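Opening the notebook on a new model today. I want to look up the fold, the strands and the residues a record flags.

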Amino acid sequence: MKVYFIMGSLNCKEAPELVLEKALKGGVTLFQYREKGEGCLSSADKKALALQLQKICRKNHVPFIVNDDLDLMISLNADGLHVGQEDGDIREIRRRIPDKILGVSVHNAEEAQTAVQIGADYLGVGPIYATSTKLDTRDVMGFSVVKELRAKGITAPIVGIGGIKEENAFDVVEAGADGVSVITAISHHEDPERAARGLLQQVEEAYKER
Ligand code: 3NM
């Protein structure tokens, strides 16, 4: 969970395959294919890119997670699925993919408890900081929400998301997250490998302090 890189074709300034290769070299530990937004790839093109990225993840022994597309996840036999609160009945989704990694986006203790109850493998919490990558986010919550979930007894793996960069990654993990998930901190960086390495260093520094 340390450095969870999320990306789709619209997030990249160069070929997505290249961005992912570089990010993995820098130390990304988990990858999510999130093909979303106006003008994004669909159907066969979406699947074709997914296959390429999945192959790269396999080669690097990093799990490949699909965002919000259960059919694509199943057809690729991907390692897991990530869903938001608006992406359907999470209990039913868990039933459909009992042996896969299931991540759920949560925004408060109640959603976190429900996700844990249905058997989510990890929780994505955000937006921690302001982001312009996703337009329909909830209000910025700061890293104190991670502290709150831990204080309320949530022990499931947590990744923070939203506006996380090398400069603020430490605080998110110090607050109790197991890692950080980022899109543009890596995908828009002039050197995705260096960006991933910098994030990993910050997360590992914060682990030492805990
Ligand atoms: N989900 P960046 S924020 C995909 O709050 C996503 O649930 C969010 O992009 C949430 O790292 C977000 O570029 C976008 O800020 C994160």
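Predicted model: local features only at pLDDT ≥ 70, side-chain atom pairs only at ≥ 80, totals over all residues.

Entry 1: UniProt, in an unreviewed entry, lists Lys-134 under "binding site", along with Gln-32, Tyr-33, Arg-34, Glu-35, Lys-36, Asn-67 and Ser-105.

**Entry 2: the overall fold.** I checked the record for a domain next. UniProt (unreviewed entry) places "domain: Thiamine phosphate synthase/TenI" at residues 3-186. I get 39% helix and 19% strand for that span, and its end C-alpha atoms lie 10 Å apart. In what order do the strands close into a barrel? I read it as β1-β2-β3-β4-β5-β6-β7-β8, eight strands with parallel pairing. From one strand to the next, the twist averages 25°.

**Entry 3: strand pairs.** I went through a few of the pairs one by one. β1 and β2 pair in the parallel sense over four bridges, and Ile-6 has Gln-32 in β2 as its bridge partner. Between β2 and β3 I find three bridges, again parallel, with Tyr-33 opposite Val-66 in β3. Over at the other end of the order, β7 (residues 158-161) and β8 (residues 179-182) run parallel and are joined by three bridges. There, Val-159 is partnered by Gly-179 of β8.

**Entry 4: which way the side chains point.** I recalled that side chains in a regular strand alternate between the two faces of the sheet. In β2, Leu-30 and Gln-32 point one way while Phe-31 and Tyr-33 point the other, and all are buried.

**Entry 5: Tyr-33.** I came back to Tyr-33, which sits in strand β2 (residues 30-33). Why does Tyr-33 count as buried? I count 28 C-beta neighbours inside 10 Å, and the cut-off for buried is 20. Leaving out residues up to four places away in sequence, Tyr-33 touches Gly-8, Ala-50, Leu-53, Phe-64, Val-66 and Asn-67.

**Entry 6: around the ligand.** Which residues come nearest to the ligand? I find Gly-126, Pro-127, Thr-131, Thr-133 and Thr-184, out of 16 around it. The shell divides into seven nonpolar residues, eight polar and one charged.

**Entry 7: helix α1.** For α1 (residues 16-26), my list of buried residues is Pro-16, Val-19, Leu-20, Lys-22, Ala-23, Leu-24 and Gly-26. What covers them includes β1 (3-7), β2, α2 (43-59), α8 (184-187) and α9 (192-209). Just after α1, I noticed that Gly-27 takes a positive phi of about 120°.

**Entry 8: Glu-209.** Last stop was Glu-209, in helix α9. I find 8 C-beta neighbours inside 10 Å, so Glu-209 counts as exposed. Glu-209 and Asn-11 are 198 residues apart in sequence, and I get 33 Å between them in space, C-alpha to C-alpha.

Definitions and conventions. Residues numbered from 1 in each chain as written. UniProt positions renumbered as here; feature names shortened; annotations may be inferred. Helix = DSSP H or I, 4+ residues; strand = E, 2+ residues; numbered from the N terminus. Pairing = 2+ DSSP bridges. Axes fitted to C-alpha atoms, helices over the stretch in contact; angles between N-to-C directions. Near = placed C-beta within 6 Å. Nonpolar A, V, L, I, M, F, W, Y, C, P; charged D, E, K, R; others polar. Buried ≥ 20, exposed ≤ 12 C-beta atoms within 10 Å, placed from the backbone. Contact = placed C-beta atoms within 7 Å.
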